[in-house]
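Let's take a walk through a protein model, one piece at a time. Have the structure open and turn it as you read.

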Amino acid sequence: MDIRTALKLGIARLRNAHVPSDTLAAELLLLHATSRSRTSLYSHAEDALSEAESQAYFRLLDERAAGVPTQHLTGKQEFWGLQFEVSPEVLIPRPETEHLVEVSLDRLALRDLRSKHSQNMTGEGWFFADLGTGSGCIAVALAKEFPAAQIYALDISSAALRIAERNANRLGFGDRIRFLESDLFSALSGGGPPHAALAQRSPVGPDRSLLFDLIVSNPPYIGRHEAAALAREVRDHEPEIALYGGEEGYELYADLVTQSAAHLKPAGVLVLELGHDSLAAVRPLFDSPDWTAIDVTPDLAGFPRVLSAERTS
Ligand SMILES: C[S@@+](CC[C@H](N)C(=O)[O-])C[C@H]1O[C@@H](n2cnc3c(N)ncnc32)[C@H](O)[C@@H]1O
């Protein structure tokens with residue numbers, strides 16, 4: 001069978017199974033099964049698939065038709081122009097999460113502008129935290145943008161941290177990102193082992209916990225009551241700990257915001273991703289003297305997606 005025919009059959013197979021983005025999915029699976037580049041796929045559309053390639057491709061199509069996400073079959077997803085390894089142990093990075101990185105860059109630049117210091121383009125002397133790092137996509141994107149910043153990537157899941165660390169090392173940022181297993185900020189509070197090792201070089205707060213210039217988090221924010229309405233690719237294949245924030249979804253934000261206030265330097269920035277309906281529950285958490293300059297950024301679909309705020313001085 002030639003490549004053109006295989007692609008046509010693959011699209012039809014996925015369309016019959018009501019797979020979203022069927023053309024793209026068939027193309028990605030064919031690329032994966034044949035280890036070809038996209039250009040070669042289309043410029044050599046008459047080439048015959050080998051028996052092994054054909055078997056691998058149709059097996060992948062069967063799995064995709066049964067609901068397995070394309071990214072779990074290819075083992076990768078692009079984020080911030082970088083290729084991340086993904087598996088069922090981590091959330092597949094979503095395009096809307098790139099807004100979190102954009103808002104972080106904007107807020108730090110604005111802060112520099114206001115303070116009339118020259119802009120810190122490299123992140124020299126800055127400490128960032130990515131709470132709930134998953135695949136490590138946000139921590140790595142920040143490391144790429146700020147080549148001298150030190151970053152702490154925290155997650156409650158040790159399986160996720162192993163993948164995040166592999167991603168950081170493969171992409172060349174492993175030396176500036178520390179990976180810690182932590183329930184919210186617990187691993188950084190109260191002078192535990194990681195703290196003791198880092199206290200020499202890092203700013204510490206009055207209770208001797210680490211203080212950051214920026215905390216970024218895309219926490220689990222889906223409500224368990226919404227589970228039945230989720231796409232099967234998400235509900236049946238992505239880790240529950242990465243999806244659900246509680247029965248309603250927004251339950252984790254209260255502790256996250258309180259603990260972030262205790263872990264930011266004065267004028268430090270907090271940037272949070274929101275669920276499509278989280279704003280009403282999350283915005284009131286910032287009605288406290290701890291916070292100023294609160295801002296909400298919509299995503300491309302118009303949902304209030306990112307909330308950012310500054311720790312008062
Ligand atoms: C929505 S995923 C975000 C993953 C990644 N940052 C991204 O944007 O693609 C949420 C992550 O938070 C982690 N998590 C859930 N509860 C946590 C907690 N209490 N403390 C730390 N991490 C937690 C999950 O394991 C998961 O990796």
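How many bridges join E1 to strand E2? There are 4 of them, and the two strands run antiparallel. Keep in mind throughout that this is a predicted model.

Start with strand E1, residues 76-79, and its partner E2, residues 82-85. Strands of a sheet pair through backbone hydrogen bonds, either parallel or antiparallel.

With a relative accessible area of 40%, Lys76 is partly exposed. Setting aside neighbours within four places in sequence, Lys76 is in contact with Gln71, Gln83, Phe84 and Val86. The C-alpha atoms of Lys76 and Leu171 are separated by 13 Å, and these two residues sit 95 residues apart along the chain.

## Two residues with a positive phi

Most residues other than glycine have a negative phi, and most peptide bonds are trans. So who goes the other way here? One of them is Trp80, with a positive phi near 50 degrees. You'll find Trp80 in the loop between E1 and E2, in a hairpin with 2 residues between the strands. Trp80 counts as buried, because its relative accessibility is 15% and the cut-off for buried is under 20%.

Ser21 also has a positive phi, about 50 degrees, although it is not a glycine. Look for Ser21 in the loop between helix H1 (3-16) and helix H2 (22-34). Is Ser21 buried or exposed? Ser21 is exposed, with a relative accessible area of 54%.

## The seven-stranded sheet

Next, find the open sheet of 7 strands, in the order E5-E4-E3-E6-E9-E11-E10, with mixed pairing. Strand E5 (177-181) and strand E10 (291-298) stand at the edges; each has a single partner strand, so one side of each is left without a neighbour in the sheet. On average, neighbouring strands of this sheet are turned by 15 degrees against each other, direction ignored.

Zoom in on strand E3 (residues 127-131) and strand E6 (residues 212-217). They pair in the parallel sense over 4 bridges. Asp130, for example, has Val216 as its bridge partner in E6.

## Helices on the sheet

Which strands does helix H7 touch? Helix H7 (residues 137-145) packs on the sheet and touches E3, strand E4 (150-155), E5 and E6. The direction of H7 makes about 175 degrees with that of E4. Helix H8 (residues 158-170) packs on the sheet too, touching E4 and E5, and its direction makes about 170 degrees with that of E5.

Back to H7 for a moment: 7 of its 9 residues are buried, so H7 is largely enclosed by the rest of the structure. The buried ones are Cys137, Ile138, Ala139, Val140, Ala141, Leu142 and Ala143.

## Rings that pair up

The count of aromatic pairs comes to 8. Among them are Tyr57 and Phe58, whose ring centres are 5.1 Å apart with planes at 65 degrees, so this pair is edge-to-face. Tyr57 is buried, with a relative accessible area of 0%, while Phe58 counts as partly exposed at 26%.

Phe79 and Phe84 make another edge-to-face pair, at 6.3 Å centre to centre and 80 degrees between the planes. Both Phe79 and Phe84 are buried. Elsewhere, Trp126, Phe128 and Phe146 form one aromatic cluster.

## A buried charge

Finish with Glu53, which is found in helix H4 (residues 51-65). What is the nearest side chain of opposite charge to Glu53? It is Arg36, 5.0 Å away. Glu53 is buried yet has no salt bridge, because a salt bridge needs a nitrogen of Lys or Arg within 4 Å of a carboxyl oxygen. Not counting residues up to four places away in sequence, Glu53 touches Ala33, Thr34 and Ala48.

Methods:
Residues numbered from 1 in each chain as written. Predicted model: local features only at pLDDT ≥ 70, side-chain atom pairs only at ≥ 80, totals over all residues. Heavy atoms only, no water. Pairing = 2+ DSSP bridges. Axes fitted to C-alpha atoms, helices over the stretch in contact; angles between N-to-C directions. Contact = heavy atoms within 4.5 Å. Buried < 20%, exposed > 50% of the residue type's maximum accessible area, 1.4 Å probe, protein only. Lys, Arg positive; Asp, Glu negative; His and termini not counted. Phe/Tyr/Trp six-rings, centres within 6.5 Å; stacked < 30°, edge-to-face > 60°.
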